[in-house]
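Dear colleague,

I am passing on the structure we spoke about, together with some notes on what was found in it. Please look through the sequence and the model first, and then read on.

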Amino acid sequence: MTSGLDPAVLYPDERAVPTPVLRARRRLSLTRRHEARLAYALLLPALLVILGLVAYPFVSAVYLSLQNKPVGAPGRFVGLANYAELFRDEVFFQTVRNTIVYTAVGVSLKFVLGLTMALILDQERRFNNVFRMLLFVPWAVPVVIAALNWRWIFDDLSGFLNNFLITVGLTRDIISWLADPRLAMGCVIAVVVWQGTPFYTMTFLAGLQAIPRELYEAAEIDGASVVRQFVHITVPRLRTIFLTTVMLSTIWTATNLQFVLILTRGGPANRTEIFPHLAYVTALGARRLGMGAAVSLAFFPLLVILIILLTRRMLSQTDD
Amino acid sequence: MTKANMTRRQALKTAVAVGLATTGPWWLVRGSHGARAKKLVFWQLPNFTPLADQLQKEQVYEFAKSAGLKESEVEYATVSNEGFAEKLAAALEAGNPPDVARLYESNVQFYAAQGHLLDVTDLVDKMRREPKGIFDSSLTAVRYSGRAYGVPLAVNPWPVHARVDLLEQHKLDYPKTWDEFIETCMKIQSPPRLFGFGMCLGLVEDTTDNVMNLLWCYGGKMVEADNKTVVMNSPENAAGVKVIEAMFRTRKIIPQGAIGWDNSGNNKAYQSRQAAFVMNPTSIYAYLNQSDQDLQKRTGLFPVPAGPKGTVNLIDTWAFGAFKQNPYPELARGLISYFMQPANYDKIIQSTGGRWVPVYKRLFDSPFWKSKPEFKHFVSMAETGVPVSYAGSPTPAAGEVLNTHIIPKMIQRVLVDNWEPPRALEECHRRIDEVYARNRKV
Amino acid sequence: MPRTTSGTRLLFRWIGNGLLLVMLVWTLVPFYWMMATSLKADQEIYGFEATLVPHHPTLAAYVRLFQQTPFMKYVRNSTIIAVSTTAVSLVFGCLGAYALARLRFRGRRLIARGLVFTYLVPPSLLFIPLFAMMSALSLVDTHQGLILAYLGFTVPFCTWLLMGYFRSVPLELEEAALVDGCTRLGALIRVVLPMSLPALAVVAFFSFTQAWNEFLYANVFVNSVEVRTITTGLTLFIVEDVFFWGPMMGAAFLSALPPLVVYLVFQRWVVKGLTLGAVKG
């Protein structure tokens with residue numbers, strides 16, 4: 001029998017340690033190595049997939065960014081020339097700003113809405129499972145279709161939103177949602193939030209459902225208010241899930257070009273230009289794969305820092 | 001994976017497997033170019049009507065049979081426009097592009113410059129020997145270094161789709177000049193329900209086409225005929241841009257939301273009867289033919305109004321290209337030849353309901369075209385029309401300018417960022433110059 | 001939700017219900033718009049009155065969808081690919097997540113972070129080298145090729161999400177099983193997984209919908225109709241600058257139904273499984 005659980009964590013009080021565990025502890029030094037081998041074995045399938053399918057393209061993308069490479073033609077090594085060209089362009093800095101704003105606001109809104117909805121759906125209610133299914137809809141629709149649909153809703157001349165507002169009398173003029181420099185980014189973020197909130201709602205809800213009711217009941221008896229219960233029971237248990245969801249969603253939001261591509265194409269006048277879209281236009285519009293890779297990678301450092309920061313607490317073994 | 005106790009041998013095996021897995025793809029990619037079982041691979045872009053698609057498919061298989069191929073040796077893949085660029089890029093990079101595909105304008109030159117396309121000058125010459133021949137304008141679109149690397153399939157003018165019923169209602173004629181055009185629009189429009197001019201101003205290809213078309217009428221252009229000297233910052237261009245600015249800002253004949261339109265924006269505006277004039281290829285007309293005959297009856301197709309320097313009309317071209325990385329080039333050339341036999345070709349042209357305008361001049365004499373008064377300007381437009389890269393010809397540089405929306409961004413600098421036209425044109429000039437310079441070095 | 005005094009409880013209830021209603025409307029209006037569009041005649045679609053309820057509802061778009069396109073073939077392909085992707089992702093994810101959550105070994109942080117780093121280069125850049133590989137392995141135009149490509153995307157997030165949930169399963173339960181003579185893997189199967197059913201469901205649904213709705217790889221890696229998925233089929237309704245909204249929205253609406261129905265059905269089982277688990281544990 002192998003046991004890799006650390007008895008020191010489970011039984012901080014030395015006197016209460018049962019004999020089987022004492023026996024297990026004696027074998028601790030041996031079991032560490034077995035533990036490692038088991039871990040590698042369990043991780044092997046996932047790692048094979050990643051290394052085989054993603055590592056090679058990943059590395060080739062990095063190498064690509066150091067080349068001058070048009071589509072279909074051989075590449076020529078140019079070192080950091082692509083990056084130099086990128087940093088000289090004034091659109092680059094606007095793109096950085098836009099991407100940060102777009103990601104930060106989008107993720108924050110998704111988080112708040114997702115958590116609120118998860119808490120609400122965790123309440124007892126008839127037809128809760130139907131409501132959960134309905135809130136899942138944005139994920140059930142392909143992103144391309146959702147974006148096209150929203151583009152039409154926001155359309156200035158024949159869009160649903162304008163028509164609704166004019167019919168109801170809330171406004172007399174047509175509002176150019178996606179063409180107005182002040183509104184465009186907000187509209188894009190609204191669509192991103194619409195599409196991405198179910199991810200948060202569902203992951204948080206699953207976490208909430210795994211918290212035993214007894215904990216809340218015990219706290220209730222102890223006289224804790226709802227807010228205190230939330231802060232002291234719910235949040236600690238969900239912390240890892242919070243961090244994981246935010247981390248994954250941040251990366252996905254920051255690297256998703258579909259919404260900008262279909263809604264605004266970076267306009268009006270670069271107000272909604274974000275990295276992934278710029279990379280796409282460069283790689284496939286201008287057909288400069290090397291430059292496109294450089295644009296994509298230019299945003300990496302920020303994301304890498306974010307990942308390391310967010311995962312630091314998550315990956316430390318000593319807390320629960 | 002059951003027991004946790006792995007022996008050293010197992011660990012070693014694992015390490016080797018992982019090593020192979022990571023580096024394996026490298027060897028594989030380097031080694032092969034993907035073996036091909038198919039002898040003829042045709043990528044079909046939707047031809048606008050299901051009937052045209054069907055006919056084209058039949059023609060492919062007819063040709064294959066006549067060339068002695070089995071059905072299983074032919075690959076007929078339908079690829080949508082969305083994602084065509086990605087698919088072709090990936091296929092080229094992997095070393096197995098299709099044998100024949102339909103290419104748009106400067107894409108022919110782009111791939112020809114990299115040596116990917118077969119020289120098809122002889123096929124084009126054969127077409128020119130037909131009675132009345134083909135439109136010369138279609139030849140500029142497929143030429144590179146004096147040879148033809150594509151076979152022109154359709155020459156498409158970009159007429160003004162006009163609501164003739166509204167003109168009648170207000171007792172107005174179709175405007176002859178841009179000044180008249182503005183006046184006419186102001187008279188017949190009633191915003192927000194109806195705008196005069198549905199000019200596309202979003203960050204899409206249609207905008208480059210619409211804007212340049214107008215600038216030409218004011219004597220402006222993007223690049224000289226030598227395909228080297230960029231002249232974007234000319235006073236003529238500035239004059240034209242000022243006219244667009246007036247249309248948008250002071251006269252308000254263009255809907256404000258046009259800044260956010262994509263290529264279908266002006267289609268939608270016209271089809272929903274909210275714009276009286278739009279500049280677009282006959283995709284709108286063909287759509288009306290299918291789905292809104294009422295509006296079709298009220299539509300007229302006209303050349304673009306004249307500016308101080310006259311009228312210049314835009315045309316764009318589609319061509320068939322044959323890719324060189326093809327073990328059976330004769331089959332590819334044979335297929336294109338088969339498509340372009342006038343009888344086969346005419347069938348497809350007619351089945352697109354006016355979306356494709358034929359390359360063979362003779363076909364314009366057929367009842368299909370003669371019976372439609374709205375097409376009476378088309379022959380002259382096809383003869384005298386110029387590509388969007390005027391005064392230059394389609395080149396990889398021109399294609400990059402179009403695909404990266406440099407000119408729409410210039411217009412948006414003026415209309416959204418409130419830059420003075422000369423300043424915006426200066427920035428635009430610099431960027432286009434960079435593109436042309438870079439493409440020269442290659 | 002914890003019990004509170006009936007006054008506060010009622011207040012929270014009503015706020016909850018109100019917010020839920022708002023959220024439902026906001027979430028469903030675009031979906032309703034999609035469905036309504038699929039039932040409108042072309043002229044009504046382009047009319048400048050964005051009608052909420054179709055004036056002359058018609059099934060013409062659906063007829064066109066089924067008659068002119070091999071829609072059912074697309075559905076079959078999407079199903080095969082999505083189900084396989086989900087199944088494999090779940091297995092790989094569970095195994096990997098357990099290792100990351102419970103075991104200690106050298107390289108743990110590196111591997112965990114490495115899994116996330118794979119997302120830094122988005123599909124919009126990866127697809128070219130990936131296609132080159134698929135081409136060399138003769139996996140183009142096959143279900144397997146697409147499934148493999150999707151695994152590259154779903155496995156990391158399955159692993160990470162499950163890691164988070166596994167860590168919130170109380171150690172004592174696992175410990176008890178181990179003390180009873182269970183192996184680690186047995187503990188995983190008998191204790192951790194039943195306690196994580198909601199998490200497994202979430203991860204399965206997300207993997208399924210990712211594979212079901214993906215466009216880029218499906219477009220690039222597949223040429224033949226025999227392997228084409230729904231999403232690629234949908235975009236064939238966009239011909240240059242003309243959108244055939246009716247059939248496109250009809251197909252999109254139909255395509256959204258399977259994930260939703262599966263979700264609805266599995267919801268019940270998940271909840272049932274969870275309450276059973278709690279009673280046992």
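To begin with one residue, N68(A) has its place in strand β1 of chain A, a strand made up of residues 67–68. Please keep in mind throughout that this is a predicted model. N68(A) has a relative accessible area of 28%, and because buried would mean under 20% and exposed over 50%, N68(A) is described as partly exposed. If neighbours within four places in sequence are left aside, the residues in contact with N68(A) are P74(A), G75(A), R76(A) and V78(A). A further residue to look at is L80(A), which lies 12 residues from N68(A) along the chain, with a separation of 10 Å between the two C-alpha atoms.

In the contact between them, domain 1 of chain A supplies 4 residues, while domain 2 of chain A supplies 6 residues.

What kind of atoms give the area buried between domain 1 and domain 2 of chain A? That area is about 360 Å², and carbon and sulfur atoms give 79% of it. On the side of domain 1 of chain A that touches domain 2 of chain A, there are 4 nonpolar residues, with no polar and no charged ones.

With kind regards

Key: Residues numbered from 1 in each chain as written. Chains lettered and ligands numbered in written order. Predicted model: local features only at pLDDT ≥ 70, side-chain atom pairs only at ≥ 80, totals over all residues. Heavy atoms only, no water. Contact = heavy atoms within 4.5 Å. Buried area = accessible area lost by both parts, 1.4 Å probe. Nonpolar A, V, L, I, M, F, W, Y, C, P; charged D, E, K, R; others polar. Helix = DSSP H or I, 4+ residues; strand = E, 2+ residues; numbered from the N terminus. Buried < 20%, exposed > 50% of the residue type's maximum accessible area, 1.4 Å probe, protein only.
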